[in-house]
Amino acid sequence: MTISAGEAGDAMATIAATLERHNVVESEGYAVLQRLARELKLKKDATAWSVEVDRGAPILFRRTTDEKGRWLKPRVVAKGIEVEQGDGTALPFRALDIALEVDDDTNGSLSRWHLDLANKTAGVSQSGPVTHLQFGGHNHGDREHDHKLKVPRWCHPPMEVALLCEVVAANFYEEEWLGLRDEPNWCQAICLYQQLCYKFYFERMANSLSVSSSTALSGMWASTYS
């Protein structure tokens, strides 16, 4: 199944409207999601597209509290996502760089979770799984406080803006998410992005379970992945 940019744009518009209606995103975050939806819909039948969410204008979520009553401010940024679906026999991304950043009420960085596609330099792949989740990364306010440890890079399916927004909603706004998660329009929109991100990845992972001469992690390691 190939997904068009127009279909992706319609789904993104639904996701934006649902998150705004349930008071999960700030007005600024809603505006960014709507901007992405408009840009995708302009590409209509294209099966390749790019998405960017600048750190200066992130998908900003409503300020919330943790279990101890401390204020949290989550946001999603995407340095660059390039979708290229091809013939459906490979991951549909040429680039994937997206992050969830969480600050406290004084704009101090609490955590940063980075989803990435392994880089290649002069044909040599970065160490780690081909798509991975990594804690830390850049501190936008003070690079001296960047998290120093770059590993582990967790083997993780690719996720783009829509799927990461659902993760944020479920974890930081669970009551609201429980109220929206079964809405038909929401499910259809999220399922479209699941099809884009997960189909080939999980087929590849499932196939590895029948191989006894190697491991699933080895099969997903960037240097041996093909």
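How do the axes of α1 and helix α3 cross, and within what distance do they come? They cross at roughly 20° and come within 10 Å.

## Ground rules

This is a predicted model, where local features need pLDDT of at least 70, side-chain atom pairs count only at pLDDT 80 or more, and totals for chains, interfaces and linings use all residues. Residues are numbered from 1 along each chain as its sequence is written, and side-chain values use heavy atoms, with hydrogens and water left out.

Helices (DSSP H or I, at least four residues) and strands (E, at least two) are numbered from the N terminus. Axes are lines fitted to C-alpha atoms, for helices over the stretch in contact, with angles running from 0 to 180 degrees between N-to-C directions.

## α1 with α3

Back to that opening pair: helix α3 covers residues 161-172. α1 and α3 are therefore roughly parallel to each other (under 35 degrees counts as roughly parallel, over 145 as roughly antiparallel, 65 to 115 as roughly perpendicular and the rest as oblique). Their crossing is left-handed, meaning that the near helix is turned anticlockwise from the far one by less than a right angle.

On the α1 side, M12, I15 and L19 meet V161, A162, C165 and A169 in α3, with contact meaning heavy atoms within 4.5 Å. By class, that contact has seven nonpolar, no polar and no charged residues. Here Ala, Val, Leu, Ile, Met, Phe, Trp, Tyr, Cys and Pro count as nonpolar, Asp, Glu, Lys and Arg as charged, and the others, Gly among them, as polar.

## α1 with α2

Helix α1 (residues 5-21) and helix α2 (residues 27-42) have axes that come within 7 Å and cross at roughly 165°. That makes α1 roughly antiparallel to α2. This crossing is left-handed too.

The α1 residues in this contact include A5, G6, D10 and E20, and the α2 residues include Y30, Q34 and K41.

## α1 with α5

For α1 and α5, the axes come within 9 Å and cross at roughly 135°. That makes α1 oblique to α5. The crossing is left-handed.

From α1, the contact takes in residues including E7, A11, T14 and T18, while the α5 partners include N185, W186, I190 and Y193. Sorted by class, the residues come to 10 nonpolar, four polar and one charged.

## The cavity

Searching the whole structure turns up one cavity of 30 Å³ or more. On a 1 Å grid over the protein atoms alone, a cavity is a set of points where a 1.4 Å probe fits but cannot get out, and a pocket is an open set with protein on both sides within 12 Å along at least five of seven lines; lining residues have an atom within 4 Å of a point. Grid points are joined across faces, edges and corners, and a volume is the space filled by probe spheres set on the points.

The largest cavity holds about 60 Å³ of space. Its lining includes M12, L40, W49, E160 and Y193, and β1 (48-53), β4 and α5 (184-208) are the elements giving two or more residues. Nine of the lining residues are nonpolar, none polar and one charged.

## The largest pocket

The largest pocket has a volume of about 650 Å³. It is lined by 30 residues, and L96, D97, D116, L117 and N119 are the closest to its centre. β4 (71-84), β5 (93-103) and β6 (109-117) each supply at least two lining residues, with β5 giving the most, five.
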